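This report describes one protein structure, part by part. Look at the sequence and the structure before reading on.

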Amino acid sequence: MRNSVKDKLARGEVVASMTVRLVSGVEIVRMAKSAGFDSIYVDLEHSAFSIETTSQLCVMALEAGLPAFVRVPANTPEYISRVLDGGALGVIAPGVRTAAEARAVVAAAKYPPLGERGLSAGLPQLGYRSVPATEALPLLNEATMVIVQFESAASLAAMEEIVAVDGVDMVMIGTNDLMADLGIAGEFDHPKVHDAYARTIAACRARGKHVGVGGFSSRADLIEKYVKMGGRYVSTGTDLGFLMAECTKRARQVRDIQL
């Protein structure tokens with residue numbers, strides 16, 4: 001069992017991800033695969049999806065060879081362990097502000113000795129087979145990614161301590177929430193945004209961790225900038241955003257026809 005996103009990041013390659021928060025049918029996974037995405041992440045923080053819907057998307061993603069991560073609405077074991085038991089290959093923990101919070105996420109996501117996650121038999125990641133714990137736990141720990149989000153000044157202040165937490169694989173910067181917290185909402189070109197990325201990339205590089213770039217769906221130039229600086233996981237936007245953008249474009253094409 002391998003996590004292809006984790007493998008690509010280890011090779012220094014760039015990963016393109018699509019966020020799913022609108023389309024609940026498994027077709028969206030196949031569409032993401034056909035479009036060329038490396039990963040999806042299911043957004044339980046900002047959608048009405050159930051755990052059951054999330055699991056269906058994650059199981060389809062396993063079949064498509066497209067690792068699915070889930071952003072949970074709360075960084076608690078009852079969410080984290082359930083989405084992972086449902087087929088996710090990683091968890092995205094929003095709004096992490098301290099090393100203690102990061103350690104709690106790792107504890108909920110990883111099996112002993114790295115964490116405290118309870119073992120459930122017949123997981124979709126193992127093809128629903130019964131695998132001895134001595135084999136299953138190391139495999140699952142290795143394949144499961146823990147991603148924490150920096151979305152506040154407090155996150156930045158505790159950056160070094162959070163990045164140093166054993167079991168944290170990646171820091172994803174939630175740029176829009178971070179800008180709002182810093183009092184610069186919508187100011188993508190503000191020096192504070194650049195500083196946040198530069199410092200986070202440096203801290204992660206020193207610890208062998210990865211950085212995710214998010215919130216720049218309308219600014220391809222800034223995506224390129226932060227990837228060139230060292231960001232490697234790119235959250236490109238949501239299924240809702242993609243659909244609205246294309247719908248708006250098509251409607252405008254008709255309205256603009258000169259009679």
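## Burial and Lys8

A residue counts as buried when its relative accessible area is under 20%. The model discussed here is predicted. Lys8 has a relative accessibility of 18%, so Lys8 counts as buried.

Lys8 belongs to helix H1, which covers residues 4–10. Leaving aside residues up to four places away in sequence, Lys8 is in contact with Glu13, Val14, Val15 and Asp38.

## The barrel

How many strands make up the closed barrel? There are eight, in the order S1-S2-S3-S4-S5-S6-S7-S8, and the pairing is parallel. On average, neighbouring strands of this sheet are turned by 25 degrees against each other, with direction ignored. As a general rule, the strands of a sheet pair through backbone hydrogen bonds, either parallel or antiparallel.

Gln149 has Met172 in S6 as its bridge partner. Helix H3 (residues 51–64) packs on the sheet, where it touches strands S1 (15–20), S2 (39–43) and S3 (68–71). The direction of H3 makes about 155 degrees with that of S3.

Is strand S2 mostly covered or uncovered? S2 is mostly covered, as five of its five residues are buried. Ser39, Tyr41 and Asp43 point one way from the strand, while Ile40 and Val42 point the other way. Residues pointing in both directions are buried.

S2 is joined to S1 by four bridges, and these two strands run parallel. Within this pairing, Ser17 stands opposite Ser39 in S2. Between S1 and S2 the chain passes through helix H2 (residues 27–35), and this β-α-β crossover is right-handed.

Four bridges also join S2 to S3, again with the strands running parallel. Here Val42 stands opposite Val70 in S3. The chain goes from S2 through H3 to S3, and that β-α-β crossover is right-handed.

## Aromatic pairs

The structure contains six aromatic pairs. In one of them, the ring centres of Tyr197 and Phe216 are 5.8 Å apart and the planes lie at 45 degrees, so the pair is tilted. Tyr197 lies in helix H10 (residues 191–207), and Phe216 lies in the loop between strand S7 (210–214) and helix H11 (220–229), so the pair ties together parts that are 19 residues apart in sequence. Tyr197 has 0% relative accessibility and therefore counts as buried. Phe216, at 1% relative accessibility, counts as buried too.

How are the rings of Tyr197 and Tyr226 arranged? They form a stacked pair, with 4.1 Å from centre to centre and 20 degrees between the planes. This pair links distant parts of the chain, because Tyr197 is in helix H10 and Tyr226 is in helix H11, 29 residues apart. Tyr226 counts as buried, because its relative accessibility is 1%. Through ring pairs, Phe188, Tyr197, Phe216 and Tyr226 are linked into a cluster.

Key. Residues numbered from 1 in each chain as written. Predicted model: local features only at pLDDT ≥ 70, side-chain atom pairs only at ≥ 80, totals over all residues. Heavy atoms only, no water. Pairing = 2+ DSSP bridges. Axes fitted to C-alpha atoms, helices over the stretch in contact; angles between N-to-C directions. Contact = heavy atoms within 4.5 Å. Buried < 20%, exposed > 50% of the residue type's maximum accessible area, 1.4 Å probe, protein only. Right-handed = clockwise from strand over helix to strand, strands pointing away. Phe/Tyr/Trp six-rings, centres within 6.5 Å; stacked < 30°, edge-to-face > 60°.
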